[in-house]
Amino acid sequence: MMILLLLAAFWALAFFRARLPVWTAAIALVLGFWEYRSVSGIGFWLIIWLVFLTAAVILNVPFLRRGLISSQIFKWSKEALPPISRTEREALEAGTVWWDGELFSGNPDWKRLLELPGPRLSEEEEAFLAGPVEELCAMLDDWNMAEELRDLPPQAWRFIREKGFFGMIIPKEYGGLGFSALAHSRVILKIASRSYAAAVTVMVPNSLGPAELLLRYGTEAQKEYYLSRLAKGEEIPCFALTGPEAGSDAASIPDTGIVCRGMYGGQEVVGIRLNWEKRYITLGPVATVIGLAFKVRDPEHLLGDREEPGITLALVPSSTPGITVGARHDPLGIPFQNGPNSGRDVFIPVDLVIGGPAGVGQGWRMIMEGLAAGRSISLPALSTGAGMLAARVVGAYARVRRQFRQPIGGFEGIEEALARIGGNVYMMDAAREMTCGAVDRGERPSVISSILKYQSTERMRSIVNNGMDVLGGKGVSLGPRNLIGRFCQAAPIGITVEGANILTRSMIIFGQGVIRCHPFILKEMQAAGDSDDKRGLKEFDRLLCGHVGFTLANAARAFFHGLTGGRLAKAPVGRARRYFQSVSRFSAAFALAADTALLTMGGTLKRREKISGRLADILGNLYLISAILKRFDERECPCEEFPLVAWGCEDCLAIIVEGFDGFMRNLPFRPAAWLLRFLVFPLGRPLAGQRDSVSHRVAQILVEPSRVRNRLTEGIFLPAGPDEPLARLEDALSRAVAAEPLEKRLRDAVKEGRIKKGTELEILEAGLNAGVINTDEANAVWLAMEARREAIRVDDFPSLARRLEKQGSGSERH
Ligand SMILES: Cc1cc2nc3c(=O)[nH]c(=O)nc-3n(C[C@H](O)[C@H](O)[C@H](O)COP(=O)(O)OP(=O)(O)OC[C@H]3O[C@@H](n4cnc5c(N)ncnc54)[C@H](O)[C@@H]3O)c2cc1C
């Protein structure tokens with residue numbers, strides 16, 4: 001009993017992050033009480049008190065603590081921490097820390113998140129979505145673009161340029177639309193639901209590229225000249241970083257810029273002689289201005305002391321002599337403009353460097369900071385738009401398509417796939433919107449942007465794969481009637497660009513997160529790296545004390561929440577309370593796991609990508625649940641949305657539990673893993689996974705026209721017109737739903753022997769003749785059958801014409 005009380009008292013001290021003197025006093029009290037009740041001799045107690053007092057003095061007197069303890073750890077840290085290169089430091093320091101910091105704290109402050117106002121579009125932004133964006137979508141025929149034009153139609157290009165689609169992020173003072181991140185994201189989402197190629201085309205100039213870079217780092221003259229031209233579509237930009245030898249390891253670009261004197265516009269100026277070879281550059285083949293990344297060397301010190309200032313960005317007109325552009329790659333048959341470009345001895349004045357001479361050597365920082373915001377917007381919006389379209393198409397098809405005499409959407413196997421589609425769409429959209437809100441409040445959340453890019457592109461791939469499984473041959477047969485096949489082709493593109501996903505998951509998310517978002521690590525690293533050892537040690541010692549308290553608190557919290565299943569964690573009251581509590585529980589466990597990984601693996605963690613990847617999964621899924629809960633709260637917890645909330649949270653929780661399990665099974669230092677397992681899963685690994693009842697309800701949302709189905713897919717382009725495959729499918733869905741009770745009446749009549757068995761048509765006729773249904777009802781069943789037949793049709797092509805068509809497009813491609 002005594003021991004239990006003691007443990008409870010120490011647990012409480014840790015939980016509430018008691019300060020060192022309080023710990024010391026508490027331990028002294030315990031020892032005093034124990035001595036009072038003890039029968040041991042004075043010699044024993046003398047030793048105990050001596051040990052205690054020595055430790056207490058060393059720990060409580062800063063001078064002694066620093067000299068005897070902190071200095072050793074300080075020395076170890078200096079050696080254990082891998083040297084950080086300039087590019088790594090710039091990547092680590094880019095952007096801001098937001099909700100990711102709360103998740104790393106082990107005790108997220110829900111009030112802080114829930115009190116943030118939900119992002120809203122302005123009237124002007126709404127009008128743009130309802131006007132020009134609808135118009136643009138209506139003029140896009142994705143099949144024709146992919147198979148014949150291999151490009152956007154000329155009128156779409158014109159419209160995009162004239163209506164300012166390329167200048168959404170450019171402020172009004174420069175002639176741009178000056179849209180919020182939310183509006184920008186909604187525009188991309190809507191276009192993506194119509195055409196992946198068009199969405200990429202619009203997205204790139206608004207993402208990391210000349211406009212974004214000029215806004216943040218350009219000189220006034222550069223802004224004045226270029227921003228208005230970009231906003232009006234008079235210039236088409238591209239951003240060229242990747243080359244044959246530098247893909248994921250983009251900082252290793254071999255492209256050079258040598259500072260020298262040269263002739264430009266008839267005058268001798270200080271400039272840069274460029275040589276480069278780039279590939280995969282989106283809009284490259286049609287760009288008029290290239291945002292070029294290269295490494296500057298200044299052997300004659302024309303710009304300053306540094307001989308190798310490093311990565312630099314410049315705006316290079318594509319018409320400059322020495323540049324070769326125009327060839328195209330074929331990214332999985334998706335017809336956006338993408339291709340290589342190169343330059344031989346291209347001379348540009350130093351004024352074309354973004355930021356002018358002061359911008360030389362600042363390129364990597366610019367790229368990293370630009371990515372911190374851009375990654376939060378474009379690809380998540382594109383993936384969500386594709387996911388929403390899939391939800392709508394696949395849900396309707398599952399209700400309309402029949403096999404074994406019933407809609408396939410009623411089979412449990414199909415329900416699982418439908419639930420994965422619906423649940424993921426809700427989750428992605430919630431995270432997209434919450435993150436755009438943060439960007440609009442001025443955050444540039446670098447870690448969150450990586451999480452969102454990774455999660456939304458991966459979940460889009462899952463949605464499309466599940467959709468293809470449900471559609472069967474209808475999904476496989478390409479043609480104008482196939483609305484999902486193109487997304488299946490395109491899914492790897494989002495996975496690859498803006499930081500390929502394997503790298504993002506296994507290196508970036510946790511690697512950057514633990515340094516940026518952890519309340520102590522970055523500061524400790526800075527203290528350890530201080531050139532003044534004395535000052536560094538003093539700061540390091542202070543931080544170390546805080547860090548130990550932080551770790552103990554998270555250990556206490558993780559254990560307590562593990563014992564209670566998080567039931568006593570502070571959380572908003574309501575239907576989703578248990579999910580809030582689960583995030584609080586696993587956030588404490590995550591913070592503890594992060595510290596354990598760092599303590600036991602130190603700098604080698606950077607190479608242990610499997611470990612880091614699992615921690616990235618945990619962090620990413622904690623973020624996604626937070627977004628789901630924020631959305632549910634903002635919408636005042638509508639009952640009909642709860643299955644989507646439950647599916648999303650349970651899916652994320654299953655991944656989180658799996659992540660912890662895998663992490664603890666593979667942590668190299670086994671005693672730490674055992675202790676961690678005891679603290680995090682004191683009652684064993686929690687049961688986690690989808691409940692069949694939840695997936696059934698989510699599937700129902702997809703296959704039934706309803707307010708919640710519309711809300712789930714709110715923002716996509718819904719074309720009208722008899723020739724539009726989506727409109728036809730939606731029509732077939734409504735007719736199928738209306739006809740179902742009538743069809744049941746007919747089936748019952750067959751069972752009762754009132755009418756004879758037969759084909760659908762024979763039964764319909766017999767039912768009408770026998771008075772089971774009236775003429776209007778028979779008409780409704782007939783129209784539903786017709787609509788179904790139309791909806792399940794796939795395209796076919798005359799074989800010769802098709803062959804010729806293929807040959808034509810093939811010769812164009814090569
Ligand atoms: C359609 C398309 C459009 C693009 N548009 C542009 C553009 O406009 N501008 C531009 O500059 N670039 C662009 N890119 C380039 C894109 O950013 C790169 O493709 C990307 O950085 C990956 O480089 P890579 O293809 O050479 O793959 P690689 O770098 O060769 O990577 C191959 C695989 O190895 C993995 N990997 C690499 N290093 C690690 C590691 N340390 N740990 C774990 N895994 C690792 C990657 O995740 C990937 O899975 C585009 C690419 C494509 C395909």
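Helices here are DSSP runs of H or I with at least four residues, strands are DSSP runs of E with at least two, and both are numbered from the N terminus. The model is predicted, so local features need pLDDT of at least 70, side-chain atom pairs count only at pLDDT 80 or more, and totals for chains, interfaces and linings use all residues. Residues are numbered from 1 along each chain as its sequence is written, and side-chain values use heavy atoms, with hydrogens and water left out.

Now look at the nitrogen atoms of the ligand. Tyr-280 places a backbone N or O atom 2.8 Å from a ligand nitrogen. Thr-282 brings a polar side-chain atom to 3.0 Å from a ligand nitrogen. For Glu-609, a polar side-chain atom lies 2.8 Å from a ligand nitrogen. On its own, the ligand has 970 Å² of accessible area, and the protein covers 69% of that. Areas come from the Shrake-Rupley method with a 1.4 Å probe; for residues, only the protein chains shown count as cover.

Turn to the rings. Phe, Tyr and Trp rings (for Trp, the six-membered ring) pair if their centres lie within 6.5 Å; planes under 30 degrees apart are stacked, over 60 edge-to-face, and the rest tilted. The count is 28 aromatic pairs. Phe-104 and Phe-510 are stacked, 6.2 Å centre to centre with 25° between the planes. This pair links distant parts of the chain: Phe-104 is in helix α6 (residues 99-105), Phe-510 is in helix α20, and they are 406 residues apart.

Relative accessible area sets the burial terms: under 20% is buried, over 50% exposed, and in between partly exposed (1.4 Å probe, protein chains only). Phe-104 is buried at 1%. Phe-510 is buried at 1% too. Phe-404 and Phe-411 have ring centres 6.1 Å apart and planes at 85°, so this pair is edge-to-face. Phe-404 is exposed at 76%, while Phe-411 is partly exposed at 26%.

Ring pairs also join Trp-11, Phe-15, Phe-16 and Phe-560 into a cluster. The charged end of Arg-557 sits over the Phe-15 ring, 5.4 Å from its centre. That needs NZ of Lys or CZ of Arg within 6 Å of the ring centre and within 35 degrees of the ring normal. Arg-631 lies over the face of Tyr-426, 5.6 Å from the ring centre.

Finally, return to α19. Its buried residues include Gly-485, Phe-487 and Ile-493. Cys-488 is also in α19, but is partly exposed at 29%. After the helix comes Glu-498, with a positive phi near 50°.

Definitions and conventions. A polar contact is a pair of N or O atoms within 3.5 Å; within protein, one must be able to donate a hydrogen and the other to accept it, and residues adjacent in sequence count only if both atoms are side-chain atoms.
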